[in-house]
Amino acid sequence: MKKKILFISVSLIAALLFAAFTSCAGGGTNSGESASSFENSGSNESSEKEKTSEEPKVIYEKAKNVMTAHNILDYGAKGNGLDDSGAIQSAIDACAASGGGVVYFPSGSYTLKSTLVKKAKVSLTGEGMWSTRLIWAGNPDSPMIDTSNEALWGTDIENFFFLSSGVSGVTGILGGSTLDKYNSAIGTFKNLVFSGIYCGIDGGAEPSGVGIFDCMFENVFCSSCTYGLHLYGSGNIIIHPRIATCEAGLVLDYLNGESFDGVHVIGGIFASNVTDILIPKKGGTRPTNFVGTWFENASHGILNITNTGTRVMNLTFRDCMLNSTADNKNYFLLDATNAVGVVTLDSCTVVNDDGIKSPSDKNSVLAITNLQVYDRTGTYVYNDRVSGSFSFGATGEKTVYKIKHSLKAVPKTVILTPSTSGAAKAQYYATADATEITITFISPPTGEIGFYWELTR
């Protein structure tokens with residue numbers, strides 16, 4: 001009975017292993033007895049066995065059919081250095097004509113001299129992001145894959161390495177749609193490498209329409225490109241990007257004002273770019289946040305807001321590492337001078353905070369909370385609001401008193417609240433620089449003088 005229960009409760013693979021075990025066990029039941037025992041166990045158990053036996057086969061065959069039905073090799077792609085774009089486009093067209101599915105690219109290097117036009121309901125899948133290589137050898141200033149005005153809904157582009165054979169102005173993936181179609185959304189871009197081309201992914205195919213929006217980008221690598229990601233759309237989620245040695249890693253730019261959702265970046269690293277985040281137009285950004293992202297060694301700083309008076313609707317860095325090689329003279333670690341809106345640094349770690357520049361607009365805010373700073377003076381925690389208390393016994397001789405503070409900047413506001421009757425009766429005014437509060441009394445005070453103080457950046 002113990003053998004019978006085990007045989008019934010496991011999948012086909014375990015059942016085969018059990019049969020092998022019973023056939024090899026000397027002095028026990030033979031394979032015929034085992035089969036007889038199973039047959040006598042009842043029709044319900046036999047039916048359950050057949051079900052569990054067939055399901056893995058059905059699943060495997062379905063997966064196999066999906067992967068092989070539109071294999072580009074079956075349509076004439078060779079991966080031998082000659083132009084494969086015609087064969088690959090035939091596979092895409094056939095897949096679309098059959099109602100959609102997956103066009104599969106085995107490992108290899110496929111030369112493209114014509115742009116591949118992705119169709120609605122068609123996913124493009126390579127065997128591996130490092131082993132399936134698309135190499136552009138066509139005209140300059142061309143996209144390798146064009147998704148524009150073909151619905152991205154529910155489709156993927158994944159596991160590809162995009163390269164150029166020395167041709168300039170090449171874009172890996174182009175997207176976007178007209179306002180009438182409005183279908184450049186809800187797609188997935190995963191495990192992609194873009195190297196040595198003009199732009200990795202560009203959503204600006206329809207300048208009077210919309211960019212790529214409400215899509216998922218996961219594990220996207222961009223290196224030595226002019227622009228890494230320039231999506232032109234809102235509501236995008238970017239998970240674990242790796243963007244390095246580009247002119248601008250992520251360009252925040254939008255074609256119209258249809259949404260108040262921005263771009264959300266989770267994890268990842270921006271390394272050794274000229275600038276990590278570029279905001280090139282006065283229309284600015286939608287609410288955009290970076291969570292747990294590492295910024296390192298941008299020569300012109302992490303943030304480049306090109307125009308004065310640029311609208312910034314809540315640009316937030318939370319739990320990020322902020323570092324650059326900017327000289328803090330011509331370029332700065334994080335320069336929000338031209339921002340109109342709110343820039344927030346929350347629980348970030350910074351190497352040398354001298355290069356953090358607040359908006360020049362008086363109604364705009366650089367909000368800083370629990371910033372861990374490492375610089376030549378040591379390690380300290382930096383906030384945009386600090387407070388404390390101060391008291392002394394006045395003898396009627398001094399009129400000026402100084403209090404050290406830890407704001408690490410010249411405060412925007414200085415608030416003193418008397419904590420003793422002597423302070424409440426005295427006449428005084430207060431100023432502050434980057435290290436001290438200076439309290440000047442109109443006439444020398446006497447008695448116990450005390451204040452609560454608060455400074456804001």
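Which residue is the bridge partner of Ile277 in E21? In this predicted model, that partner is Leu303.

## Overall composition and confidence

The protein has 457 residues, of which 45% count as buried. Its secondary structure consists of six helices and 36 strands. Among the contacts with a separation of 6 or more, 69% are between residues 24 or more positions apart. The accessible surface comes to about 21000 Å², and carbon and sulfur atoms account for 52% of that area.

The average pLDDT of the protein is 84, and 82% of the residues score at least 70. Residues 1-68 form a stretch in which pLDDT stays under 50. For this stretch the model has 27 contacts beyond four places in sequence.

## The eight-strand parallel sheet

Eight strands make up an open sheet with parallel pairing, in the order E3-E6-E8-E10-E12-E15-E18-E21. Its edges are strand E3, residues 116-117, and strand E21, residues 303-305, each of which pairs on one side only.

Strand E18 (residues 275-279) is joined to strand E15 (residues 248-251) by three bridges, and the two run parallel. Across this pairing, Ala248 stands opposite Thr275 of E18, and Val251 stands opposite Leu278 of E18. E18 is also joined to E21 by three bridges, again in a parallel arrangement; here Ile277 has Leu303 of E21 as its bridge partner. Five of the five residues of E18 are buried, so this strand is largely enclosed by the rest of the structure.

## Pairing of E19, E22 and E25

Strand E22 (residues 310-318) takes part in two further parallel pairings. Four bridges connect E22 with strand E19 (residues 288-291), and Asn289 has Thr316 of E22 as its bridge partner. Seven bridges connect E22 with strand E25 (residues 339-346). In this second pairing, Arg311 stands opposite Val340 of E25.

## Nonpolar cores

The largest nonpolar core contains 72 residues. Within that core, the residues touching the most other members are Phe189, Phe194, Ile201, Phe290, Phe317 and Leu322. Helix H5, residues 85-97, gives the most to this core, contributing five residues.

The surroundings of Ile201 illustrate the packing. Leaving aside residues up to four places away in sequence, Ile201 touches Ile173, Phe189, Leu192, Phe194, Ile212, Phe217, Gly228, Leu229, His230 and Leu231. A second, separate core has 16 residues, among them Phe390, Phe392, Ile403 and Trp453.

## Cysteines

How many disulfides does a search of the whole structure find? The search finds zero. Cys199 is in no disulfide, and the nearest cysteine sulfur, that of Cys225, lies 7.5 Å away. With a relative accessibility of 1%, Cys199 counts as buried.

Cys348 is likewise in no disulfide; the nearest cysteine sulfur belongs to Cys320 and is 4.7 Å away. Cys348 is buried, its relative accessible area being 1%.

Asp319 is located in the loop between E22 and strand E23, residues 321-324. At 43% relative accessibility, Asp319 counts as partly exposed.

Terms used
Residues numbered from 1 in each chain as written. Predicted model: local features only at pLDDT ≥ 70, side-chain atom pairs only at ≥ 80, totals over all residues. Heavy atoms only, no water. pLDDT = per-residue confidence, 0-100. Contact = heavy atoms within 4.5 Å. Disulfide = S-S within 2.5 Å. Buried < 20%, exposed > 50% of the residue type's maximum accessible area, 1.4 Å probe, protein only. Pairing = 2+ DSSP bridges. Core = buried A, V, L, I, M, F, W, Y, C linked by side-chain atoms within 4.5 Å. Areas by Shrake-Rupley, 256 points an atom, 1.4 Å probe, with all protein chains shown as cover.
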